[in-house]
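Subject: Structure handover

Hello,

Please find the structure below, followed by notes on what was found in it.

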Amino acid sequence: MEILVDLPGGSRVDAHFNGFTIPTDQPPAASAPMPFDLFLASIGTCAGIYVIGFCRQRGLSTDGIQIIQRMQSNQANGMVDEIDLEILIPPTFPEKYRDSLIRSADLCKVKKHLENPPKFNITTRVAEVHPMN
């Protein structure tokens, strides 16, 4: 997979891939979420995808299911130390599936990558300049 990131102006930084554009921004403009906020949101939304899959496989409704994600940060360095995901289920959700639902959300690919982070390789390259027509 390849993602093209461009800098359209101000503090905007946009990512383009698979026909999508994900805009990001920083205060004071804040016309879009900050990159770190999108990163954090990807954890809860990824868990949500696994919850949907679990429910679909068992013919269970996802109506009324929500996930609350809470972050605790280290006061000394500002880094997130702990992330809690709380799956809110309706009273009609079968008791026998509650622990399995948690295990399903635990399979989130974003979470797995945080537990086993990739190696980063950062380089520079002079881009070709294309004349404007």
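A residue is called buried under 20% relative accessible area, exposed over 50% and partly exposed in between, using a 1.4 Å probe and protein chains only. This is a predicted model, in which local features need pLDDT of at least 70 and side-chain atom pairs count only at pLDDT 80 or more, while totals for chains, interfaces and linings use all residues. Residues are numbered from 1 along each chain as its sequence is written, and side-chain values use heavy atoms, with hydrogens and water left out.

Helix 1

Helices (H or I, at least four residues) and strands (E, at least two) are DSSP runs numbered from the N terminus. Helix 1 covers residues 35-58, which is 24 residues. After the helix comes Gly59, with a positive phi near 70°.

Buried residues in helix 1 include Leu40, Ile43, Val51 and Phe54. The buried residues of this helix pack against strand 4 (66-73), strand 5 (80-88), helix 2 (98-105) and helix 3 (109-115). Ser42, also in helix 1, is partly exposed because its relative accessibility is 22%.

Aromatic pairs

Rings of Phe, Tyr and Trp (its six-membered ring) pair if their centres lie within 6.5 Å; planes under 30 degrees apart count as stacked, over 60 as edge-to-face and the rest as tilted. The structure holds three such pairs. One is Phe17 with Phe20, tilted because the ring centres are 6.4 Å apart and the planes are at 50°. Phe17 is partly exposed at 21%, and Phe20 is exposed at 55%. Another is Phe36 with Phe39, with centres 5.6 Å apart and planes at 35°, so this pair is tilted. Phe36 and Phe39 are three residues apart in helix 1, and therefore about one helical turn separates them. Both are partly exposed, Phe36 at 45% and Phe39 at 33%.

Asp25

Asp25 is in the loop between strand 3 (20-24) and helix 1. Does Asp25 count as buried or exposed? Asp25 is buried and has no salt bridge, a term for a side-chain nitrogen of Lys or Arg within 4 Å of a carboxyl oxygen of Asp or Glu. The nearest side chain of opposite charge, Arg12, is 5.2 Å away.

Regards

Definitions and conventions:
Expected span 1.5 Å × (residues − 1). Contact = heavy atoms within 4.5 Å. Lys, Arg positive; Asp, Glu negative; His and termini not counted.
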